Amino acid sequence: DVHGMGVGSALLDFAVGKKGCIKVDVNEQNRQAHSFYRKYGFVERGRDELDARGKPYPIIHLEFADCRGK
């Protein structure tokens, strides 16, 4: 019911304010999540062909752009 109402952005604002440098992993098939993080300012830092359970679900590693070099 609250999709698209800024809840995710508010949570990221809080997390970035507390931690500064944030990294997240997104399933490659979850294009909506990938797009959300990219719009927020995350950049791709890597990719794994398998998920944490060894299943063939590619995982994209993202990092908040302000983290570069930290």
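Analyst: Helices here are DSSP runs of at least four residues, numbered from the N terminus. By that rule, Tyr 40 is found in helix α2. Please note that this is a predicted model.

User: What secondary structure does the chain have, and in which order do its elements run from the N terminus?

Analyst: The chain comes to two helices and three strands. Their order from the N terminus is α-β-α-β-β. The C-alpha trace spans about 35 × 35 × 20 Å along its principal axes.

User: At what angle do α1 and α2 pack?

Analyst: Helix α1 (residues 7-19) and helix α2 (residues 31-40) pack at about 50°, and their axes are 12 Å apart. The two helices are therefore oblique to each other. Their crossing is right-handed.

User: Which residues make the contact?

Analyst: An α-helix has 3.6 residues a turn, so residues three or four places apart point the same way. On α1 the contact is made by Gly 8, Ser 9, Leu 12, Asp 13 and Val 16, and on α2 by Phe 36, Tyr 37 and Tyr 40. By class, this contact has five nonpolar, two polar and one charged residues.

User: What does Tyr 40 touch, leaving aside residues up to four places away in sequence?

Analyst: Tyr 40 touches Ser 9, Leu 12, Asp 13, Val 16 and Phe 64. A polar atom of the Tyr 40 side chain lies 3.5 Å from the backbone oxygen of Leu 12. Val 24 is 16 residues from Tyr 40 along the chain, and the C-alpha atoms of the two are separated by 12 Å.

Conventions. Residues are numbered from 1 along each chain as its sequence is written. This is a predicted model: local features need pLDDT of at least 70, side-chain atom pairs count only at pLDDT 80 or more; totals for chains, interfaces and linings use all residues. Side-chain values use heavy atoms; hydrogens and water are left out. Axes are lines fitted to C-alpha atoms, for helices over the stretch in contact, and angles run from 0 to 180 degrees between N-to-C directions. Angles under 35 degrees count as roughly parallel, over 145 as roughly antiparallel, 65 to 115 as roughly perpendicular and the rest as oblique. A crossing is left-handed if the near helix is turned anticlockwise from the far one by less than a right angle, and right-handed if clockwise. Contact means heavy atoms within 4.5 Å. Ala, Val, Leu, Ile, Met, Phe, Trp, Tyr, Cys and Pro count as nonpolar, Asp, Glu, Lys and Arg as charged, and the others, Gly among them, as polar. A polar contact is a pair of N or O atoms within 3.5 Å; within protein, one must be able to donate a hydrogen and the other to accept it, and residues adjacent in sequence count only if both atoms are side-chain atoms.
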